[in-house]
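Reader: I would like to go through this model with you, one question at a time. Please show it first.

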Amino acid sequence: MAAAPAAAGAGASRGRRVAATAAAWGGWGGRPRPGNILLQLRQGQLTGRGLVRAVQFTETFLTERDKLSKWSGIPQLLLKLYATSHLHSDFVECQSILKEISPLLSMEAMAFVTEDRKFTQEATYPNTYIFDLFGGVDLLVEILMRPTISIRGQKLKISDEMSKDCLSILYNTCVCTEGVTKRLAEKNDFEIFLFTLMTSKKTFLQTATLIEDILGVKKEMIRLDEVPNLSSLVSNFDQQQLANFCRILAVTISEMDTGNDDKHTLLAKNAQQKKSLSLGPSAAEINQAALLSIPGFVERLCKLATRKVSESTGTASFLQELEEWYTWLDNALVLDALMRVANEESEHNQAPTVFPSLGTSEEGGLPHTSARAQLPQSMKIMHEIMYKLEVLYVLCVLLMGRQRNQVHRMIAEFKLIPGLNNLFDKLIWRKHSASALVLHGHNQNCDCSPDITLKIQFLRLLQSFSDHHENKYLLLNNQELNELSAISLKANIPEVEAVLNTDRSLVCDGKRGLLTRLLQVMKKEPAESSFRFWQARAVESFLRGTTSYADQMFLLKRGLLEHILYCIVDSEC
């Protein structure tokens, strides 16, 4: 007798599926109306009522409809996925179904990213659109979050490989189908859960990229202090993971743009800042405080920012990441550009091409190990530049936050400025090569170029570092500090107290300090250079605060005034 209710429930469920199928066919005995079923699914998705998932149809109907509409069998696969992903499933068959779905979406997403419209025009409806319309996105979210459910005190588990497939499919759908990312951004519990998936190296890159996209469209900023075991999570990242994690941090610690142009005036910004102070810390400021409470966090960022190319991750692990990039479409353009760099360098050296064109290797990835060892130096440099971009941005934002003095002390202690000074010529302000990385649709002077962006982030950091703070004298070396003292002595005025208090063990080493190097490249910039604005801001921030005769004379002796006057009167600037 106990089985009767269950049987009745199953019968009711079948009845609903039959009714839904009949409605989609336009009544019994009718022929399927093109687009009718998709319209009903779309309405159900918007209202939450009616047809919303593949499980509401019979397999016979979906197969018959697929012959006409060419849905690539995706609704039927989703129907099987529903059946094999229940709470008591072992997920073995579920994973094999995901393996069937994944290439159907990834090829489409690759074509979308690389603007291969010919591929996408072959189908009436994109695979990613059909996948989402039949409830695929919601189902994958449920599957991924199964570990949060306990049955008889035991939490469910799914493999890293299966999580990786789910994440890849979700991201491909976000890339191609409008509105999916915004819907995911509304699932706060899912966003927080995604952070826990970054504990595994196998799923880290896919998870980080999906989180970055979701947070980019989220209306309200996520609170990092709500992430379970944040300190342990970040502390266990290796340097490569930490650098990639900075892409997410860039979104979570920056104040959200309200989109109000009135606040772009200095007076309005000042009023907004006063209002913010009276309201207490914002979500961005709370997130900054959460990060600063993690032991060794700033120190590790400083090490990443000042790491030389030769000290960066070895060839094997770098190429392993490139393979991840190849399958992970957020970096498809980057990988394509990196491969072009490798090919150009190989042709220049009259050596065999290191990397083939995309998709020519046996496994659709990079060539075998013997060829992988020949990693060009230009690719290593670009790899390091792209890491440093994110790290410098995070340090810059922290320097402008409420804990500015704390960050200043830590940055000085961990010798960020001397480290950047040592990298200035070889990496930060290195000469442009013919094979400099340029993304599709851009040129070498575009601010989207990693080379250009690194320089701008570097200059913004210098500006934030020296703005109204005693630590600005760390931008000089010992000889230059002695020069400041000599200027004061010759003018018979007291030495600047901040100069006397500067810890000489933390200043720049070498023949020139960072400020002098900046002045040298500033004077050499061509008339059309977009850097001049940022360079001038960085130099001007050094002069801010109490007027210092020694500081002014130090810069005048290096030809700053003549250069500025020339820029003002030169019509080409």
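Reader: Which residues does Met198 touch, not counting residues up to four places away in sequence?

Author: This is a predicted model, in which local features need pLDDT of at least 70 and side-chain atom pairs count only at pLDDT 80 or more, while totals for chains, interfaces and linings use all residues. Residues are numbered from 1 along each chain as its sequence is written, and side-chain values use heavy atoms, with hydrogens and water left out. Taking contact as heavy atoms within 4.5 Å, and leaving aside residues up to four places away in sequence, Met198 touches Phe204, Thr207, Ala208, Ile211, Leu233, Phe237, Gln241, Phe245 and Ile248.

Reader: Why is helix 27 described as largely enclosed by the rest of the structure?

Author: Helices are DSSP runs of H or I with at least four residues, numbered from the N terminus. The buried residues of helix 27 pack against helix 23, helix 24, helix 25, helix 28, helix 29 and helix 30. Helix 27 (residues 514–524) is largely enclosed because, of its 11 residues, the number buried is 8.

Reader: How are helix 24 and helix 28 oriented, parallel or antiparallel?

Author: With axes as lines fitted to C-alpha atoms over the stretch in contact, and angles running from 0 to 180 degrees between N-to-C directions, the axes of helix 24 and helix 28 come within 7 Å and cross at roughly 20°. Angles under 35 degrees count as roughly parallel and those over 145 as roughly antiparallel, so helix 24 and helix 28 are roughly parallel.

Reader: What is the orientation of helix 8 to helix 9, and which residues of helix 8 make the contact?

Author: Helix 8 (residues 136–144) and helix 9 (residues 160–176) pack at an angle of about 150°, with their axes 10 Å apart. That makes helix 8 roughly antiparallel to helix 9. On the side of helix 9 the contact involves Met162, Ser163, Cys166, Leu167, Ile169, Leu170 and Thr173, and on that of helix 8 it is made by Val137, Leu140, Ile143 and Leu144.

Methods
Buried < 20%, exposed > 50% of the residue type's maximum accessible area, 1.4 Å probe, protein only. Helix = DSSP H or I, 4+ residues; strand = E, 2+ residues; numbered from the N terminus. Parallel < 35°, antiparallel > 145°, perpendicular 65-115°, else oblique.
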